[in-house]
Amino acid sequence: MNKTIIININGIVFHIEEDAYEILRSYMTEVKRHFAYSSDNEEIVQDIENRLAEMFTERLTEQSKQVIVQQDVVDITARMGNVNDFDVEFDDEHFGGMRTAHRSLFRDPEDRMIGGVCSGLGHYFDIEAKWVRLIAVLATILWGTGLIVYLILWMVTPRAKTRADRMAMKGEPINLQNFKRNLDEEIDALQQNLNQAGSQLKPGLNATEDFLREAGDRTGTFLTRVLGIMFKIVGAFVIFVCCSLLFSCLLGLLFIMGFFDGHELDTFPFNIINPEYQSAIYFSAAILIIIPLIALILFALRVLFNRKITGKTTSFALLIIWITGLGMAVFYGAKLGSEFKSEARYEQQSLVKPFPTYHIKLNKQRFFSKDDSLNYNVTFNGRQGKVKIANDIGEIQLYVERSDDSTAFIIKDFSARGRDFESALRNAQKSGYEFIQADSIITLDKYLHFPPKQAYRDQEVKVTLKVPLNTRLIFDGEMNSIIRDINLRDCLPEDSEWETPSTWIMTTTGLKCADESMARKPSED
């Protein structure tokens, strides 16, 4: 039984035996002492710790265990090498055997024209970076794919940030000897750059200039013209679209503010807005849309003509106007939201003349005539011919139930919302729903209606038709759109038309198909 402790190597937690920990601690102490006087000793030590964490993780995974033992530390530190090995002179042949390892793809930040992708590919495939750059330029000119591939690799390829990343990029084994050798090479290169900065910088600039001139002479003028034309086309298109939207917004604002006939907007969601709030809300909505369109047009003009169109004062004024519109929209939006705070319901009951059989039809009209408006006590408001119903808002839900006695009647359960209970009740009372009985024919309205100037406050109505036991009901096919609890097509042949009437009878358990031979299992629809 051995004592284990928990250690943290570069953010990774390991369980390690105590004697193995002592060996690892001594090893890292020697490494830190050796690199203590290097300018980037912290980076080197961190790279070594990263590599040790990777090797320990691989060892634990391969052997399917959870604790690092002494032999693991001995093997891994042997692979990394000891500080004492630095006193031994290694020749090129020895280093040549050590420098071959699996290469990893990184972007080289030390040898880059743009993002270091080409130089990283050069290291990965062991070719000079200039050939990779030439291939990228040719692929862009001939097929147009070089730039796209370059951008994709730039996004997905990691940058060689640490010395260990640079060693993996060049295929060098990550051990202490190579850390030391890389450090010495960097110091030598730095000294040479300081001593011969001018002589080394000039050839590099000349080589870069030659490469850029060679690629730029063939593509520079063409690409410049093409890009210039594309920018102008895109800028003109943006200006055209924004101007069209701006004109549409201004025209729509004039329309809904009352300069034109705006009664056609008495539908959802416009009918939610209180008449006293309409001007402010429409104006604030126009500001929130128009100001960004103007800003986008000005920006497109600036890009298109490469000149400043407006000054700071104009930009600041547009911002202030937009913030004002936003504040108005938030203020009146909150006031409208409070109009839906409370709910109220009330019920109306109307007797139906008794008949052994009723024929139930659906009035699909979305408008009332003037005479209907007078009969239903709906405000006509001087309009010619018709009063509009609340179209698709408040569609009826019809239920058919058995009455407790021999009377037949219709119950209308109205509901609505408002700022408080009293206002919600008033809104519900202003709602209207009618039916017409001509002998045994009952025609039900399909839609709830309310006065044209009445704001929508979630008005709804539930209609319940109660009939005595054994009453027969003939439903038109259109009634299937509003009736609940039953599917009228369950009492029809499968190949019947949608409008075909079906006959039902009221039983003690509810409506049943009158002709049992026609009855079929309820459809899944």
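Visitor: How many bridges join strand E9 to strand E12, and do they run parallel or antiparallel?
Guide: Strand E9 (residues 408-418) and strand E12 (residues 460-467) run antiparallel and are joined by 7 bridges. Strands are DSSP runs of E of at least two residues, and helices are runs of H or I of at least four, numbered from the N terminus. Two strands pair if DSSP finds at least two bridges between them.

Visitor: What stands opposite Phe409?
Guide: Lys466 in E12 stands opposite Phe409.

Visitor: And what is the order of the strands in the open sheet?
Guide: The order is E4-E9-E12-E8, with mixed pairing. Strand E4 (342-352) and strand E8 (397-402) are the edge strands, each pairing on one side only.

Visitor: What kind of model is this, and which pLDDT do local features need?
Guide: This is a predicted model, in which local features need pLDDT of at least 70, side-chain atom pairs count only at pLDDT 80 or more, and totals for chains, interfaces and linings use all residues. Residues are numbered from 1 along each chain as its sequence is written, and side-chain values use heavy atoms, leaving out hydrogens and water.

Visitor: What does the protein chain average?
Guide: Its average pLDDT, the predictor's confidence in each residue from 0 to 100, is 75, and 73% of the residues score at least 70.

Visitor: Which cysteines form a disulfide?
Guide: Cys491 and Cys513 do, with sulfur atoms 1.8 Å apart; a disulfide is a pair of cysteine sulfur atoms within 2.5 Å.

Visitor: Is Cys491 buried or exposed?
Guide: Cys491 is buried, at a relative accessible area of 4%. Buried means under 20% relative accessible area, exposed over 50%, and partly exposed in between (1.4 Å probe, protein chains only).
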